[in-house]
Amino acid sequence: MAATLSQQLTALRRTRVWRSVFRGGNGTSNLDRALAVQQNLFLHLSSVKVRKRSLAFRVTWFLGTLCMGALMILVATGIPLMLYYHPSVPQAYADMKDLQSVVSAGVFLRNLHRWSAHAMVLLVFAHMFKVFYRGAYRPPREFNWVVGVILLIVTLLLSYTGYLLPWDQLAFWAITVGSNLLSSVPVIGPKVRFLMLGGNTVNANALLRFYVLHCVILPLTAATFVAVHFWRIRKDGGIYPGKDHKHA
Amino acid sequence: MPDPNMPDSNDFIAGMNSDSRKSPVRVAFVTRRTSAQVKARDDGGTVMVFPEALFRGAVAIELLLLVLVVFSLFWDAPLEELANPLLTPNPAKAPWYFLGLQELLHYFPPVVAGVLIPGLVVTALIAIPYFQINIEGEGLWSRNRTLRLRMVRITLVLFILFLASFHVWVALAPTLLMVGLMLYSATERHDAGRFHRWLASKPLSFWIMSWFLLSSAVLTLIGTFFRGPGWSFVMPWSGQI
């Protein structure tokens with residue numbers, strides 16, 4: 001008399017513990033499914049319903065979703081990497097070597113983090129161009145486009161600050177070249193560069209600052225704006241349905 | 001006598017008792033105070049975000065993870081020697097997404113390549129949705145065709161002179177390609193094909209954005225694969241990049 005999996009799941013959803021955790025959505029009716037989204041802190045950023053046609057692949061190519069996916073992979077690989085990393089000179093580089101030879105699957109962990117980072121930069125650019133060519137920035141979505149531009153810049157900064165952390169020749173000189181560009185900003189350029197690097201050259205202070213930016217400040221900034229970005233999709237009337245669509 | 005347990009068919013059961021599993025379809029929506037637009041609404045129906053949209057999103061993310069995991073199993077992230085401030089590699093390159101800018105730095109003074117151009121790009125991106133012309137998205141040639149054609153030609157000549165004065169020949173190819181397509185779309189043809197009609201319907205913002213996309217792609221690719229010692233032009237297979 002073994003109950004089917006779906007029966008067991010239904011029974012689980014009816015338990016007191018489950019219902020104390022999830023405020024709604026204990027069944028399969030539309031109301032339950034609406035509550036599952038609307039009564040959940042994270043899911044309520046999204047609407048309860050979505051236009052059938054905006055789920056078609058050709059509309060978004062799922063690029064926004066994939067950006068979020070890349071971010072999730074980066075957080076999931078970044079936190080274990082932090083366990084094996086010291087933001088100091090030259091220990092940071094020794095930790096890279098340890099990832100290669102001492103840490104189980106350390107090479108894979110670093111590979112996945114690095115390739116996902118490149119993928120995310122590409123995906124964010126692709127998302128921006130896709131949104132532009134669809135005309136999805138049109139009112140009332142204009143501010144969400146601006147939030148997207150902010151997220152593009154945060155993504156580039158996240159990638160750029162992460163680039164220094166291995167403390168190898170590639171990292172050191174890429175950041176040197178990049179930060180030299182900043183010196184050319186009139187008046188404030190050299191001062192901003194000094195603040196960013198904690199000195200006049202890329203050194204141990206720069207490594208620590210980039211580490212804090214990369215692991216704390218920028219991820220929190222990204223999470224905040226991602227939340228606003230998702231929430232504004234709902235507030236601005238859902239995924240842009242296309243120009244020929246008659247608006248409500 | 002009616003069964004007291006059966007709900008009255010006239011009784012509207014709302015709120016927490018609904019067990020509907022289908023999205024209701026709005027058949028008519030007629031009240032005196034709503035606009036005509038609401039009545040004309042036809043969005044092809046809606047589905048529940050949970051599980052329809054969330055499931056598709058999860059599948060998309062899983063496929064991305066799959067691709068990245070396979071990639072990570074076969075290709076290792078680069079790791080060079082320990083950082084040495086006294087040993088400058090030649091060429092020293094920024095991360096790939098900044099190589100378009102680094103390529104521009106080769107032609108323009110730092111204040112132009114490092115401040116003016118990125119500043120203008122970000123400002124332009126933010127400004128896009130706040131200009132009525134971008135919102136209407138009217139075809140570039142749909143009005144004042146002669147005047148606009150003249151302005152495009154003058155802009156093109158000035159821009160080529162500007163690029164030539166800084167010897168930015170690499171940016172010339174994408175520019176000429178975009179302007180070529182632009183002028184082609186401006187021609188009046190009786191036997192216009194789908195491609196021509198599609199191009200002719202495009203607004204100015206389309207042309208600027210496509211030119212930006214193409215130019216940055218070309219500059220980034222050149223900076224990444226064709227620049228060797230002293231930022232000299234080399235072939236990707238020369239082993240000098």
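Author: Gladly; here is the contact between the chains, followed by a few of its surroundings. This is a predicted model, in which local features need pLDDT of at least 70 and side-chain atom pairs count only at pLDDT 80 or more, while totals for chains, interfaces and linings use all residues. Residues are numbered from 1 along each chain as its sequence is written, and chains are lettered from A and ligands numbered from 1 in the order in which they are written.

Let us start with the contact itself. Chain A gives 75 residues to it and chain B gives 66, where two residues are in contact if their C-beta atoms, placed from the backbone, lie within 7 Å. On the side of chain B that touches chain A, the elements giving two or more residues include strand S1 (46-48), helix H2 (49-74) and helix H9 (204-225) of chain B. Helices here are DSSP runs of H or I with at least four residues, strands are runs of E with at least two, and both are numbered from the N terminus. H2(B) supplies the largest share of that side, 15 residues. By type, the side of chain B that touches chain A has 41 nonpolar, 14 polar and eleven charged residues. Nonpolar means Ala, Val, Leu, Ile, Met, Phe, Trp, Tyr, Cys and Pro; charged means Asp, Glu, Lys and Arg; the others, Gly among them, are polar.

The strands take part too. Strand S1 (residues 49-51) of chain A pairs with S1(B) in the antiparallel sense over three bridges; strands pair if DSSP finds at least two bridges between them.

Now for chain B as a whole. Chain B has nine helices and one strand, and along the sequence its pattern reads α-β-α-α-α-α-α-α-α-α. Of its 241 residues, 17% are buried, meaning that 20 or more other C-beta atoms lie within 10 Å of a residue's own, whereas exposed means 12 or fewer and partly exposed is in between, with C-beta atoms placed from the backbone. B:Phe162, in helix H6 (residues 145-165) of chain B, is exposed because 11 other C-beta atoms lie within 10 Å. Its C-alpha atom is 46 Å from that of B:Leu63, a residue 99 positions away along the chain.
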